[in-house]
Amino acid sequence: MLKSKVICCKLYISESQNAKVVDAISHICQKDPEVVLLSKFEDDHYNRVRYTLASYIINDSSTDEVKFSPMRRVLLEMIEKAFSTINLEMHTGTHPRIGVIDDMSFHPLNQATLEDAAQLAKMVASDIGNCLQVPIFLYGAAHPTGKPVTAVRRELGYYQPNYMGIQWTGQVLPDILPMKPDEGPDHVSRERGAIMIGAASLPLTYNVPVLSKDVPTVRRITRRVTGRGGGLPTVQALALSHGDDCTEIACFLDPDHVSADQVQRQVEQIAAEQGLEVDKGYFTDFTKDRMLEKYFKIVLAID
């Protein structure tokens, strides 16, 4: 068991304010003892929930390609439940999204490789595109050319709020998509939207609250924190309205290159130049080591 290949999937769904829907989706993955729900993160301002699941994979002995993972079926059931209970046309939140299922990212954990994660991501993408007829856009190691998720998002207009300059409401994609999906139909359902699916090394997710509702100013701070803006290497971040008097800087960072403490100090320093106060940031998910510890603790207890 300890030598098995393990992959985790982060499944982001555009709903957190309806507890019955969130719990019903959670219940699906909790029914299968071979799939572990490692964590669930809900945010009512973003109106978004992230489920982090983990399970083993089995590779073909002759080709070494992934041939089975119990997570594949469970994810499809969770997505079907989401589509039957959530209507994107009725959804509003302060986090960008392109669909009821916004994003699915696959990450190698114990013994698994990035190629394993990419293969499972593409299998799930094919399942959803063919069975549920939803456009799928691949990124990272799952994409034929390794296209970054940020590039996919920019082409789709992901970062542009369509309500009050700070919110995303209803369908945000045009009826005629700006680029061809990698799986699924070329047309997009206004009730379901589209999905991004990719594979990458596991990042850390760290949010820093800035005590201001001046989103444009916090966006400028955010730009200076990111690697793309000349700040900390590998850091990607978004400035998002988070309540009446707070704008969060939601960060993805590579723990091999930068720490959360560095991000915190950088935000505090730049915010101070603007006369803004900053609260202590917080992680929204576990580290890789903590994920594996929890995964094996649960599956070994079941065995």
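Is F283 buried, exposed or partly exposed? With a relative accessible area of 45%, F283 is partly exposed. The points below concern a predicted model.

1. **Y206 and F283.** These two residues form a tilted aromatic pair. Their ring centres are 5.0 Å apart, and the planes make an angle of 55°. Y206 belongs to strand β11 (residues 204–210), while F283 belongs to strand β14 (residues 282–283), so the pair ties together parts that are 77 residues apart in sequence. Y206 is buried, at 2% relative accessibility.

2. **Other aromatic contacts.** The structure holds five aromatic pairs. One of them joins Y158 and Y159. Here the planes stand at 90° and the centres are 5.5 Å apart, so the pair is edge-to-face; the cut-off for that class is over 60 degrees. Y158 is buried, with a relative accessible area of 2%. Y159 is partly exposed, at 24%.

3. **A charge over a ring.** R290 sits over the face of F286. The distance to the ring centre is 5.1 Å.

4. **Cysteines.** The disulfide count is zero. For C8, the nearest cysteine sulfur is that of C9, and it lies 7.3 Å away. A disulfide would need the two sulfur atoms within 2.5 Å. C8 is buried, at 0% relative accessibility. For C246, the closest cysteine sulfur is in C251, at 13 Å, which is too far for a bond. C246 is buried as well, with a relative accessible area of 12%.

5. **Helix α3.** This helix covers residues 114–131, 18 residues in total. From its first C-alpha to its last, α3 reaches 26 Å. That is close to the expected 26 Å, at 1.5 Å a residue. The buried residues of α3 are D116, A117, A118, Q119, L120, A121, M123, V124, A125, D127, I128 and G129. An α-helix has 3.6 residues a turn, so residues three or four places apart point the same way. The buried set in α3 includes D116 and D127 along with L120, V124 and I128.

6. **After the helix.** Which residue just after α3 takes a positive phi? Q133 does, with a value of about 55°.

Definitions and conventions
Residues are numbered from 1 along each chain as its sequence is written. This is a predicted model: local features need pLDDT of at least 70, side-chain atom pairs count only at pLDDT 80 or more; totals for chains, interfaces and linings use all residues. Side-chain values use heavy atoms; hydrogens and water are left out. Rings of Phe, Tyr and Trp (its six-membered ring) pair if their centres lie within 6.5 Å; planes under 30 degrees apart count as stacked, over 60 as edge-to-face and the rest as tilted. Buried means under 20% relative accessible area, exposed over 50%, partly exposed in between (1.4 Å probe, protein chains only). Helices (H or I, at least four residues) and strands (E, at least two) are DSSP runs, numbered from the N terminus. A charge sits over a ring if NZ of Lys or CZ of Arg is within 6 Å of the ring centre and within 35 degrees of the ring normal. The expected span of a helix is 1.5 Å times one less than its number of residues.
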